[in-house]
Every structure is written in structure tokens, then in C-alpha cells.
Amino acid sequence: MEVTETAVGADIGGTFTDLVAAEGGELRVYKLPSTPESPEEALFRGLQEGGMEEASRIAHGSTVAVNALLERKGTRTAFVATEGFSDLLAIGRQTRPRLYDLAVEKIAPLVPPELCFEVAERVSSRGEVIVPLREEEVEGLSRRMEGLGVEAVAVCLLFSFLHPRHEELVGRVLSERGMVVHLSSRILPEYREYERASTVVVNAYVSGKVSRYLSVLEEGLSGKRLEIMHSGGGTMEPAEARLIPARTLMSGPAGGVVATAKLASLAGHPRAVALDMGGTSTDVSLVDGGISLSAEGSVAGYPVRFPMIDIHSIGAGGGSLAKVDRGGALKVGPESAGAHPGPACYGIGRLPTVTDAHVVLGRLREEYFLGGRMRLFPGRSLEAMRDLGRNLGCSAREAAAGVLSVVLNNMARAVRLMTVDRGHDPSLFTLVAYGGAGPMHGCELAELLGIRRVLVPPWPGAFSACGLLLADRVRDSSLTLMLPMSPEAMDRAREAWGRMGEGLPPSWKEVEDVAHLPAMDLRYRGQGYELRVEVERDWDFRRVIELFHRAHRRRYGFHLEDGEVEVVNVRLRSVLPSNADFPRPTRTGLSGKKGVGSAKMAFVLPDGRLWEEECAVLSRTWLRSGEVFDGPCLVCEEDATAVVPPGWRGRVDERGCLLLERRGSG
Amino acid sequence: MAVDAALLEIFNNKLAEVAEEMGVVLGRSGHSANIKERKDYSCAVFDARGRLVAQAAHIPVHLGALPSSMRFLLEWLESRGEVLREGDVILWNDPFRGGTHLPDLTMAAAVRCEGRLVGYVVNRAHHADVGGRAPGSMALGSEVFQEGLVIPMVHYAREGRVVEEVEDLILANVRTPAERRGDLRAQHGSLTVGVRRFREVVSRHGPEEVARFMEELLRYAGRIAEESLSCIPPGTYSFTDYLDDDGRGEQDIPIRVAVTSGEGRLRVDFSGSAGEVRGPLNCPRSVTLSAVYYVLRCLLPEDAPFNHGCLERVEVVIPRPSILDASWPRAVAGGNVETSQRVVDALLGALSQALPERIPAASYGTMTNLAVGGESPRPFAYYETIAGGCGARPDRDGMDATHNHMTNTMNTPVEALEYEFPLRVMRYAVARGTGGRGRFRGGDGLERHFQFLEAAKVSLLAERRRRGPYGLAGGEPGMPGEDHLVRKGGERIRLPSKVELEVEEGEVLELRTPGGGGFGSP
């Protein structure tokens, strides 16, 4: 039996660094401002100040890779392509990002034209060598690269996933000359040259920053086991993160979705919408039995085709700015007051935001805001809303109600598209509302969507860090086969799965309970897109076809009984399950009683009308499990406030989550 | 009132969402790659008087087509003294009744709430084949009949049930009936969802409120359009651009436009443009309108609502019959893909005189439609459009190798293409130096070279092979495109811009698309 270890989940965001520790099943949270210049400082200091230094395992979500990409401060990377194709990155898919903008710009390639190279070689779609790559050719290439300050090389040759030898030759020769080389056939052996090239280039581009950061962390955390969250909703070791640093791009938002999936399944609601609403944006993701993955992801406009949690993000957050546009409509977001100057109620800025609307409507109380540690200036909110109201010809309260209904409708649209697009009815899902602003909007958003159940986890603001703690170790492998489905194709797939399993890092091999989850990307011949189906290794090909028909019907509404089915890719997801349990919150309350007062506040009904009522204000930390309370009320805790509208009833479940349900739902 | 400003925004979003959700359902349930991958479809919501309220257009060429179609539908209903009942669906593709070209099929249904008409939902999708002489229904013909099956307005469904005889008639005339049936059903399903979602909005807010806010939305869009159009200095601005040829002997075909601006309105007059041509470059009126509305939309703020309120601020005069408002039974396959681009060039050329600080030089101005078909190793049909260089802007270079204006469809990946077809791509590169020189450089065109691994039939429908896209303010024109066939013996033949050929195994087709015009003296 394993000794209970202390693990810490460390989520370093742009504004706050959240540390979450689980000790003997108890949850502790420590939050401190981030140190964007050197993110590790806040982490080290937080561990110390939060009394978490004894932790033996640190699971970390980092924004280092994504920042390198967004700020375009990455490694100076060269790109090597097949002769005739060095413009792959510049051409992309030949489309523009916005249709009706005469000043539109295509996303600029990460590699400047003078660092794009070609080598004479060619492989056919059957994997045959048409033009062999000669070693002298690569030596010539390496000479051409001299003196250009190249720090990393990304290689993507046509059909290299069928015949990796040519890329390997480039890799060997350039490595011998001291260059760091990233091969597309190694990190993403899948067809579609532009997306594969983009992935390997992004990987090389962020590699320098990520690898330096990991070294600093490893040094500072000596003796602790470090795990890095990846975009696919699992963690990996630093060694692997160094090889495929691009997998850490969506490290941040992944944590919350993992936590949602774990919580939803524990709470018996396997179908959930994860709603993470922060200061500037809202991330929506679906959990249907498990997290939803997409292999069509892009980051900052660059395709990165590792399996990635499927997240839809919109510019709606607590800091979203409200304004009247030129035609007289009330717009909320996507511009945001961010953390600086922040909403008007922070006392610095004067522009009205969503948070100010809540203050004016009496739903955000100064005395409970961030446990009373941060001052709030309700007068500023009122002023800002009054100004907005003046533009609209109405009172500050009416303006605030307007802001709230617009932002709720914007969010409802995001959730509806996310569900309907994937063939689901949103009303059958449970909404898991977290992030600093999620619990304040959950129930009213649910009303708009016909959702009857909202789950608010403890410490909603640190829920993503909690997910890091709970995440499994996950490794994804893939390979393009492109074969008609047949017994032979199944044999080839089994062979590939075997090799992928053997390719696991050495530390995995000592463990017994690794689960291997094989999957196939299938399509009807002639289709330009594929659908992932989870299979089992020993299945007969007919069974796979049957399953594909069903998956296709579910997603697209039809199937082709006599359509020829093709295996495009085979995938293997290897999982080393985390044994961390969902931690229970400890009680560090605001006051000694659960009811801390009452206040007059306003709700926006689904038809847009304003409803005002004197309501109870409850302190979450003193609500015992099993306790039931009726809306309208507010449930305050240190890093968030849950709004429970009239017609809703709340209950605290055994994990300390607030389960809010529409009354009369049986 | 605050509530009104908020409700305006909410209604704007809700009706846009109805259109968007129809699009999602269509994209999700459509069978063909055209619909799923290239998103070649649009969905729209109209009010009870047939005025456009919201549209989800993924492709600019549909912008003007749906409002035109709606107008013809109402006329048709009126002429027959008919009303659409619940579950009735009308289907048509007739280019002379609001259609664009034959592969674009339109479906429409009325939305009723407690018996009362509250509006219409309409969608349109590009079907991969609707019969005719050439696979893909984009033949280089001289009459619309060669291009495929013409469908006048017919009931595709009555009271919720598909009229099977109608569907059978269509399926009997197309090359891939199973796929067509799937796409038709997907369009029907999308309308059903549109009707349901529209009704939900009505049942939540009541029909009067919805009608009031639809009216408000038109006014709202009108106000924004008025303000944006007021930035154009009053005056009349004229410009003439030319199509190279119609593939049937006629050359230097003028597209002439005079744009008159004043009081937040535009008058767009195409008088002086060429008459109808024998080749397939004729536009139905709706395609010309699409090009006008595309340019209008580029002048509006990005998130402005686009509905009847903006459209009515533009008066469009098109001589009839002409290449821009063709009469039955002219061939129209290329109007949509080629002439529409030139209409945009002419409009922008005129506007550049009024807004020299905003309007770019001409982009590549052709979709370079390539279709390859063959029998070996098994029957195949490949169709693709190829991007080019975009015009330089007054403050920056033009984009290289990117689709612009009336289209934005993705390329077929080289590896996908070689898996699927007996073709090998020898080169896919930016055609350096083809952008027009200038203070800001026009974008460079594209080179795409194909080797045929089997004998095949090739059809090419392209433009800007003689006259390059114009530059502005002293910028030089972009270089025209050039296409060659390298025969087996090594002979390299320059191809005309519109051609049907038979090629042999081992031969190479080299396409080079035009560069964009430059801006400012070099």
C-alpha cells in the first residue's frame, strides 16, 4: 500500500497563483499574486508561505509556453521541407481569418522566410521513395544554416509518417553539428502536411522557454516529483515536456475541466458542462462520461494537432466592459478591464463592468469580497452604472440589469453552440460553475438553457488547481495508416498499438496499473474529416465498423450502411491513474455562523424583468454537508459568491459542493 | 430605456443564434465535403414581410442571394394565392429566381405561432453535383441546361412530410443520388430546427414583442450603416474593370460601375457593363447583389448586424439583360466564381477614389477553378479553387497566397490529395515577385504544379491571365496568372484561361495565379 503523500496542485495564471494541497483528504488553498516575469517565484514563495513545503509531488499548470507563443518571444527556429514546399507555413490553408475586413492579416509564420529550407527528396502516398535523400544534401543544408543564429530546427517532409528515414537522416546530421532538431514524424506522425508542420514548428518555437523554465523549477523543487499538466487533460514528466513542450500550451484551462470530469462522475452527473468564468473570459467545455478531446485545436491561430481538451472560449468575464454602441445597443465585452484597472469597484478604473453590475444589484457584498481582504468601492460601481444609464436613459439599477442579461445571453449562446454542435441537448446536462465569477452566474445561465442543476465546487476560484492535483498521468500516441477497414488493417493497428505501448517512458514500465486505451480515427471513403472511435485491441473489424456507423449517426445524424470505411489514424492513450481523492474543504470561515446577514438584491428573470427581494446571505464555510437552503440567497466564500435565485434550492453534498436545483424538478 | 438597449442586443444575438444554429445543424448533418468541410452554405431569418433580419453566412457569395430568393418566393406565393402552412418547405435553384448557380439549392419555410405568421427561415447549400454535362455541375457551357438540373419553386415537403415524387425527380438527374438525398434531408432538418428555435424566442417574448424588436433591429442596423456610409464623401465615383474573356471568343468584357454617395446612402449603377456573353460568365442578379453587399459589409464595423436595415440603404441599378443580370437560359456557372470577383474589383476601384485611405488595390480576382476527372484506378473527380495575391493596402502590403473577397475555401492538403487521386503535387509555393510593386507591395500569387499519374480530363476556369489586377495611387498592377501544360515529350504549352483538355500519364499541369496590385509609387 502506498503511503499517503502530500501533493500540491499549482496553477499559475496571469493574475493569481493558486496552490491547492491535499493532506489526508483535506483541501487547503493558498492564493497569491503571480510574478509574470519569473512565474516560479510566486510558486516557491507560495509553497513556503502556505506551509506546503513538505509536499512530495507538485502538479503544475503553466502558461510559459502559451505566453512565448502569444508574445512571439520564442526560440529562433528554422524549418526544413521537401523541395518545392518550403512555403507551407506561409500558405497555410490559403484562407483569411476574417471575411469582411479589408485590413485583415493572415497569421504570420513563426519562421521567417530566410529560415525556411528545402531538401531534395520525395516519398509517395504509398511510402515509396521517389527521390532519395542523400547525405551530402543534408550537409549542404547544414552549411546554409551556419551563421544565421538558428537555435532549433523543425523538420516536416511530405509523407514522413510513412517513411521516417529521411527526416531521421536530417535529424542525425544536424544534431551531429550541435543543433536541436524536432522531427514531425516523431512528434506527430499524422497526415495533413500544413497542420503537422505547424505543430512541429510551434513545438520547436516554445521549446527554449519551456525547457529553461523546467530546469529552474526542478532546481528549486529538488527532491519533489514534478508533473506538468498538458493540453490533453493529463500530466507528464519534465523529461517528456522537454520533448513535446507544445503539449503544455493549454495547460492552464485543462485543470478545471479535469476537475469537472472527476467531480461530475463522483457526484453521479456524468454529463456536465464545465463553465469557467474568470475576469476576462469564459471557457466552456463538455464532459460526457469523460473529458471531450479535439484533434483540431489551434493556439493563437497556429494549428497544434495533439489531442486537446475541447474548449470554447468567449470574451465574457467579470471584468468585461459594458458600453452602448453606435446603433444604440448595449454591448458587453469582449473588451475587458482585466485585473488592471479592473472593474470600477476596485477603485482605480471608472468604466462599468459585469462585476459592477453585480455590486449595484446587491449581489456582491463588500464585507465578504475575497474574505474581506480586498477593499471594494461600491460607490464607484454605482457611478459607473449611473453613467451608463444616462446614455441609455434609465436608472443605474436598470442599466446593471441590462448588463447582466446581455452577458448571460452571450454565455448561453456559447454553451448552446458547444452542445448542439456536438449533437447534445444542453438541458440534459449539469452545469459546473467555477472560476471567480462562475458561481455568480450559474443558476441564471442555467435558466436560459433549460438546465435544472448547477454544481458549485468548494473554492471555485481554485478549482483548476484542484484539477491538477487529481489529474492522471496521460500519454497520447498516434499514427496515420490510411487503409480500408479490413482484418489486415486491424493487424496493422495492433502492431502500431504494440509499438506505442513499448515506447512509454521507462518510469511507466515499473507500474502495473497502466491502462491502454486504443482508438481509431475513421471515415467513410471520400470524406474529408474523420471521427474518433474508442475500440479494443482484439476486436474484429466488423465490430469496429458497426461502432463507427453508430458514432457517425450520433454526431452527424446519419450513417452510410454500405459506405466503405477507412482507418485514417490509430491512437493510443496510456493512462496511469492518479490515486488522489477529491479533497474535502476544511473550515476556515468568515464568521462563526452560517447565516451572516441579509441584504436586498435583484435578480434578472429569464424574460429580462428585474425582481428585487430581501435575501439571506450565507457563509459557505459554515454550511454543513446535507444542509438545505432555499433561494433567493447568496452563498459567500472567500474567493467567490454563489447567487441562488428565487425558485432554486441548494444542498451541500458530501464533498462540500453546492448542488443547486430548480424546485419542482422532482 | 435601458431594457430596450439590452433587449435589442439580446434579440440581435437570439435571432443570429437561430441562423447560426441552423448552420450548425446543416454542417453537422450534411453528407458532402462541400457542406461539411468547405462550409459552403448559409442560413437566414426573415420577418413576416420577408425582410432579412439575421444571417449566418460562411461564404460572401451568398450574401445577396438569400434576400433575392425570399423576394421571388413571396412573389411566387402571391401569384398562386398560396400561403405556406406549418411543415411546408419550398425548394428551388433557378438562377433566374434568386438563385446563384445551379449547385446552390435553397429551401424555405414559414414560422407560425398559434396560426400567426411571424417570419421565415431559409437556407442554401452548395451541392456537389446537380447533373448536367460535367461532374460537379460547373461545365464550361453556353446554356444553363448544360450546367445541370434547373429546379423551379416546388414543395419539397408538405405539412412536414417530404414529397417523395419531387425528391425522386431530382435524384434521378444527379450523379451521386445518395449523397444528394442526405444533403437535402440535412437542409430540411436545419429548417426544422430553425423553425423550432424561432418559435421558442416567440413563445418566450410574445409575438408582438418579437415583431417590435425585429423592426428595431432593422432600424438599428440602418443607423450603423448610415453612420458608416456617411464617412464616404458625397459624390459619384466611376470605375471600369475588365474580364479577360468568356472562353468563347469574346474578350475584354467591361464591368462598369458608378457609385454615388450621399446622406448615408449609396447608389450603385452598373450601366455601361457588358451585355450577356455566350460563355458561362453571366451572373444572375443575386450574384451581382452579393458582390455589392460584400463590399457594403466591408465598410461596416465588424460586429455590426447585417440585415434589411443596411441593405435598404443601397440602391442597385443593373441593366437587364446584361452580364450582371442574365436572362434565361444563359450559362451562369462562372458568374458566381469569376465575374463576382470582378464586380468587387470594380466597386472597390470606384470607392478608392472616395476613401483612398481605406480601400486596397485589386486582389488576384479569380478563383482559378480546377476540375480533374478520370476513370483509373477508379472513377474520381477532384475540384479545387486556388488562391492568389491580395491587393496592397494604403498602409501595408497585400497578403500572399490567400483567398480574398467572394470566397474563402480551404485548400486540399497535398497529402490528402495524393492519397485520394492519381495526382502528384510537384510544387506548391508562393509565386515570388508576382505582386505589383509599390510603396506597399501587392501580395504574391500561388504556384501549384500537378503531375498526372493516370490519363485524365482537366477543366480550367480562370481569369486575370491577360490583364493583371490593378494597382492604386501609383502602385503597379499585379502580374497576370499563367498556366502551362508540360507534354510528355517535354513541350511546354501555354494554356488559355478557360479550357477543357485531355492529359496523359506523366504530364504536368503548372498553374500560377495572379499577384495583387501594389499601392503607392514604388
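**Arg192(A).** I started with burial: Arg192(A) is buried, with 20 other C-beta atoms within 10 Å. My cut-offs: buried takes 20 or more other C-beta atoms within 10 Å of the residue's own, exposed takes 12 or fewer, and partly exposed lies in between, with C-beta atoms placed from the backbone. Arg192(A) also has a positive phi of about 95°, although it is not a glycine. I found it in the loop between α6 (184-187) and α7 (193-220) of chain A. Helices here are DSSP runs of H or I with at least four residues, strands are runs of E with at least two, and both are numbered from the N terminus.

**Ground rules.** I'm working on a predicted model, where local features need pLDDT of at least 70 and side-chain atom pairs count only at pLDDT 80 or more, while totals for chains, interfaces and linings use all residues. Residues are numbered from 1 along each chain as its sequence is written, and chains are lettered from A and ligands numbered from 1 in the order in which they are written.

**Asp252(B).** Next I looked up another positive phi in a residue other than glycine: Asp252(B), near 50°. Asp252(B) sits in strand β9 of chain B. Buried or exposed? Exposed, with 11 other C-beta atoms within 10 Å.

**The sheet around β9(B).** I followed β9 into an open sheet of four strands, ordered β8-β9-β10-β11 (chain B), with mixed pairing. Two strands pair if DSSP finds at least two bridges between them. At the edges I have β8 (235-245) and β11 (314-317) of chain B, each pairing on one side only. Strands β9 (residues 251-262) and β10 (residues 265-269) of chain B run antiparallel and are joined by five bridges. Within that pair, I see Thr260(B) opposite Arg267(B) in β10(B).

**Cis peptides.** I looked up two of these. Gly333(A) and Pro334(A) are joined by a cis bond with omega about -5°, and Pro334(A) lies in strand β22 (residues 330-336) of chain A. The bond from Ser376(B) to Pro377(B) is cis too, with omega near 0°. Pro377(B) is in the loop between β12 (369-374) and β13 (380-385) of chain B.

**Domains of chain A.** I have domain 1 (70-212) and domain 2 (473-576) in chain A, with bounds from an automatic or database domain assignment. Their centres, taken over C-alpha atoms, are 27 Å apart. How many residues of domain 1 of chain A are in contact with domain 2 of chain A? Four, and they meet five residues of domain 2; contact means C-beta atoms, placed from the backbone, within 7 Å.

Terms used
Contact = placed C-beta atoms within 7 Å.
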